[in-house]
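Hi everyone, thanks for coming. Let me put the structure up on the screen, and then we'll walk through it together.

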Amino acid sequence: MITAEMKNSHVLLVDDEQSELDAYSLLLSSMGVKNVVTLSDSSVVSETLDSMQASIVFLDLNMPKVSGMDVLKELRANKPHIPVVIITANSEIETAVECLKLGAHDYLVKPIDLKTFSSALRNALEIGLLRNEVLSLKGIHFDRLPKTNKAFEPIITCSAGMQSIFNYIDAIATSGMPTLILGETGSGKELLAKAIHELSNLPGEFVAVDASGLDDNLFSDTLFGHKKGAYTGADHQRPGMIEKAKNGTLFLDEIGDLAEASQVKLLRLLQENIYYPLGTDQPHQCNARIITAANKDLTKLAGQEGEFRMDLYYRLSTHLIKVPPLRERREDIPMLVTHLLQQAASAMNKKVPSVSDTVVDTLCRHPFFGNVRELKAYIFDAVALCEFDRIEDEVILERLADAVTIKKNDQSPNYSNPLESIFGYFPTLTELNDYAVALALASADNNQSQAARLLGISRQALHKRIKKNTS
C-alpha cells in the first residue's frame with residue numbers, strides 16, 4: 001500500500017548509469033512519489049544531501065569516482081539518521097553482509113520490480129521516521145545539531161550520546177555554575193570544557209591546570225599565587241591561575257587526586273568565592289568559572305573510602321557531564337581514523353595515506369581503554385612509518401595485538417595460569433594487592449602520584465595502603 005508518508009518522502013537516487021536513474025525515477029513516479037533527486041556523481045552525495053531534506057537514499061554500489069561502499073561509510077558517519085538502501089547487480093552474500101554491517105538499511109539486487117522497490121521504500125521510511133522520533137524525544141535534531149556550532153568542531157563524533165552532551169552543554173554554558181566532567185583518560189574531557197568556555201561568551205581566558213601530582217602547598221601556590229617573601233625563594237610576587245582566569249574559565253583536571261587539605265580550600269573557594277594568596281591574609285575575589293574533571297566516579301570514591309569530600313562533590317557537580325568511552329561509541333572510530341590520518345599527515349608534511357577496510361573493522365572492535373588518545377598514538381605511528389600512500393595492515397594490527405602477545409609470552413608452560421607463574425602458587429587477594437602496589441611503585445620510580453594513577457586509585461588511598469603494609 002502506498003501511504004501518504006511515502007508519497008511525501010524525499011528520495012535521492014545515486015547511480016552512474018542515467019538509464020538506471022530514469023528507470024528508478026519512473027518507478028517512484030508510478031508510486032506517486034514526486035520529491036525525487038537523481039545524482040550520477042557519487043563524489044557529491046554528502047554535499048547534495050546538505051541542500052535537501054532526504055528521507056531515503058538509494059545507492060548504487062559500483063561507481064567510478066567514489067564506490068558505493070565508501071559513500072555508505074561517509075553517510076553512516078555524518079548522516080546516520082538517513083536510511084541507505086544499496087542497489088547493485090552483485091548478488092554475492094559476502095558483499096550484502098558487509099554492506100549491512102556498515103549500516104545499510106537494505107540490499108536490493110537488480111533487476112528490481114515495483115513490488116520490491118515499494119517494499120524497500122516503505123520499510124526504510126518507517127525505520128527512518130521511528131529513528132527520528134526517538135532522537136527527537138532525546139532532544140537531538142539533525143537539522144539543527146549543536147555540532148554545527150564552532151565550539152564543537154574539534155570534537156569528531158556522530159554518536160547520539162555525544163550529541164546529547166552537546167545539547168546539554170548548549171543549555172548550561174551561560175549559567176556560570178560549577179561543572180564536573182567525568183570520563184576515562186583520553187576521552188576528551190578538556191575539549192568539552194573548552195566548548196563550555198567558548199559557548200559561555202566569557203571575555204577572559206580558558207586556563208587548564210592538571211591537579212594530579214600536586215601536593216597541598218603546590219596546589220595552593222599554583223591556584224592562589226603568592227606574595228613576595230611568602231616562603232624561601234619567593235623573591236617576587238606571582239599571581240595564581242585563578243587570577244589568570246579572571247572573567248574566564250579555570251579548568252581543574254584530575255581532581256580525584258587532590259589531598260584532603262586542598263579539597264577543603266577548593267570547597268571554600270566555591271562557597272565564598274574568595275581565596276588567599278600565600279603570604280597574605282587579604283582576601284581576593286574569584287571571578288572565574290570553575291570546571292573540573294576526573295577519570296573516576298567521585299561518588300564511589302567518596303562513599304567507599306571517604307577520600308573525596310561528598311560536600312565538595314555536590315558543589316562541583318551543579319552541572320554534571322559523563323563522557324562515554326570510545327568503546328561505547330564505536331561509530332565514531334571511522335570518522336576519527338580519517339581525521340587523525342589527515343592531522344598526522346599534515347604534521348609530518350606527508351600525503352594523506354589510506355588504510356584498508358580490514359584495519360578499520362579491527363579498530364572498531366578494539367576496546368580502546370586509552371580512548372581517543374590511544375587511537376591517535378596508533379595512527380600517528382603508522383603515518384610516520386608509511387613510505388607510500390597506503391598504510392600496511394600489519395603496522396596497526398601488530399600494535400593492537402602487542403599486549404596480547406606479551407601476555408602470552410610471559411606465561412610459563414609449567415603453570416596452569418599466569419598467577420602461579422609469578423608466585424609459584426595461587427596467591428590471596430591481599431598478596432595480589434601488595435604485589436600490585438610494589439610493582440606500580442617500582443614502575444613509577446617511587447612516585448606515589450604516578451603509581452596511584454597506574455593502580456586506578458587516589459594518592460591518599462595508595463599512601464594508606466603503604467602505611468598499613470609498613471606498620
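How many helices and strands does the protein have? There are 21 helices and 14 strands; these are DSSP runs numbered from the N terminus, with helices being H or I of at least four residues and strands being E of at least two. Please keep in mind that this is a predicted model, where local features need pLDDT of at least 70, side-chain atom pairs count only at pLDDT 80 or more, and totals for chains, interfaces and linings use all residues. Residues are numbered from 1 along each chain as its sequence is written, and side-chain values use heavy atoms, leaving out hydrogens and water.

Of the 471 residues, 44% count as buried, where buried means under 20% relative accessible area, exposed over 50% and partly exposed in between, using a 1.4 Å probe and protein chains only.

Now to the sheet. Strands of a sheet pair through backbone hydrogen bonds, either parallel or antiparallel. Here we have an open sheet of 5 strands in the order 7-10-13-6-14, with parallel pairing; two strands pair if DSSP finds at least two bridges between them. At the edges sit strand 7 (206-210) and strand 14 (319-322), each pairing on one side only. Strand 7 pairs with strand 10 (residues 249-253) in the parallel sense over 5 bridges, and A208 stands opposite F251 in strand 10.

Next, a pocket. What volume does the second largest pocket have? About 700 Å³. A pocket is an open set of points on a 1 Å grid over the protein atoms alone, where a 1.4 Å probe fits, with protein on both sides within 12 Å along at least five of seven lines; lining residues have an atom within 4 Å of a point. The volume is the space filled by probe spheres set on the points, which are joined across faces, edges and corners.

This second largest pocket is lined by 27 residues, and G186, S187, G188, L191 and R373 lie nearest its centre. Helix 8 (189-200), helix 14 (333-347) and helix 16 (371-385) each supply at least two lining residues, and the largest share, 5 residues, comes from helix 8.

Leaving aside residues up to four places away in sequence, L455 touches A436, V437, A440 and L462, with contact meaning heavy atoms within 4.5 Å.
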